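Please look through the sequence and the fold below before reading on.

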Amino acid sequence: MNKNWHTGIASHQGTKKAKNEDSYLTKMTKDSVGNEIALFVVADGMGGYQVGDTASRLAIEAVEQWWEKRIDRIVKKKNAIAQFMKEADKVFSQINKTIITTSNHTGKRMGTTLTLLILYMGEYGIIHIGDSRVYLMNGLNQGLEQYFQQLPKDMLYHQQTEILEIEPELFQLTEDHSWVEKQVLEGKLSKEEARNHPKRNVLLQCLGIEKEISPYITVGKYQSNDMFLLCSDGFYSLFSNKEIKHMLLNLEKEYGNLQAICDYLINFSNFSNAHDNITLMLVRHLFVENTRSKKSISWLPILRND
């Protein structure tokens, strides 16, 4: 990463488990004219002490190999994000087959969630299966005034003032492929009941269990003051979305450093008796746009906050 990217990454086994079965990945490159494209991935393995980490690692390694092989060609496409999503969907299917084959060979059933976030020139793409999550916090301006002051005038957004006046909101960009989420959508459980339900870890979809999968895919736009949070369920199961929002707001004001925030949240989660592995990734892209007019941000109907 470079000065245009603020990131923080932290992962821990939690207070109950003997091993961390989560895996993660970050990758970045540039297109032919220097625009940066970055990938952030979280995988939460399942299947017990010996195989959960194997499943998540297989998924991460497959994504990394695909990135190294294909990303230079993808960014040459007219709509790079759409092309990325199209290819990633096929990669998910291949990973699913690989994990099933590995399970059959070893005699040990295993699976993993897999959540990918791609950021490129003010657009994001997400492809996801399982119950890890991607959130977007918009309207954060801590430290951005100083950043903007250091830029040449011809590189500033014409919307700079508007950016700094947005009221912060937290949006959950992914949908959980879980039994409790289905109950929420059917009106049988509240969000809070789902978060504390005994069946909260029961997944309806993940990689490595069923032959047919249907990943969740969404795309959208982001601005330089937006911050993305990727996390495994070990984190958000401890805190409501409202609590996560307030923690991010307060810690951004106190630290201003995304790595420090991740480290604090891991420690606080363990202090809160984290029962599962925890992985957190915070990302902000301070990109500068010269070549095209800024479009106003528009949220897809699926976005929700609570």
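The paragraphs below take these topics one at a time.

This is a predicted model, in which local features need pLDDT of at least 70 and side-chain atom pairs count only at pLDDT 80 or more, while totals for chains, interfaces and linings use all residues. Residues are numbered from 1 along each chain as its sequence is written, and side-chain values use heavy atoms, with hydrogens and water left out.

Begin with the sheet. Strands of a sheet pair through backbone hydrogen bonds, either parallel or antiparallel. Here five strands make an open sheet with antiparallel pairing, in the order 1-11-10-7-8. Strands are DSSP runs of E with at least two residues, helices are DSSP runs of H or I with at least four, and both are numbered from the N terminus. Two strands count as paired if DSSP finds at least two bridges between them. At the edges are strand 1 (5–12) and strand 8 (169–172), each of which pairs on one side only. On average, neighbouring strands of this sheet are turned by 15° against each other, direction ignored. Such angles run from 0 to 180 degrees between N-to-C directions, with axes fitted as lines to C-alpha atoms, for helices over the stretch in contact.

Within the sheet, strand 10 (residues 227–231) and strand 11 (residues 278–285) run antiparallel and are joined by four bridges. Leucine 230 is placed opposite methionine 281 of strand 11. Helix 9 (residues 258–271) lies across strand 1, strand 10 and strand 11, and runs at about 25° to strand 1.

Next come the nonpolar cores. A nonpolar core is a set of buried Ala, Val, Leu, Ile, Met, Phe, Trp, Tyr and Cys residues joined through side-chain atoms within 4.5 Å. Buried means under 20% relative accessible area, exposed means over 50%, and partly exposed is in between (1.4 Å probe, protein chains only). The largest core has 33 residues, and those with the most contacts inside it are Leu39, Val63, Phe84, Leu114 and Leu116. Strand 3 (36–46), helix 1, helix 2, strand 5 (114–120) and strand 6 (123–129) are the elements that give two or more residues to this core. Helix 2 gives the most, with nine residues. Leucine 114 touches, among others, Val41, Ala59, Val63, Phe92 and Ile127, leaving out residues up to four places away in sequence; contact means heavy atoms within 4.5 Å. Apart from this core lies another, of 25 residues, including Phe235 and Leu248.

Charged side chains are the last topic. How many salt bridges does a search of the whole structure find? The search finds 13, where a salt bridge is a side-chain nitrogen of Lys or Arg within 4 Å of a carboxyl oxygen of Asp or Glu. Arginine 57 forms one with glutamate 61, with the closest N and O atoms 3.9 Å apart. Both residues lie in helix 1 (residues 52–74), four residues apart, about one turn of the helix. Arginine 57 counts as partly exposed because its relative accessibility is 39%.

Glutamate 87 and arginine 70 meet in another salt bridge, at 2.6 Å from N to O. This pair links distant parts of the chain, 17 residues apart, with glutamate 87 in helix 2 (residues 80–106) and arginine 70 in helix 1. Why does glutamate 87 count as buried? The reason is its relative accessibility of 12%.
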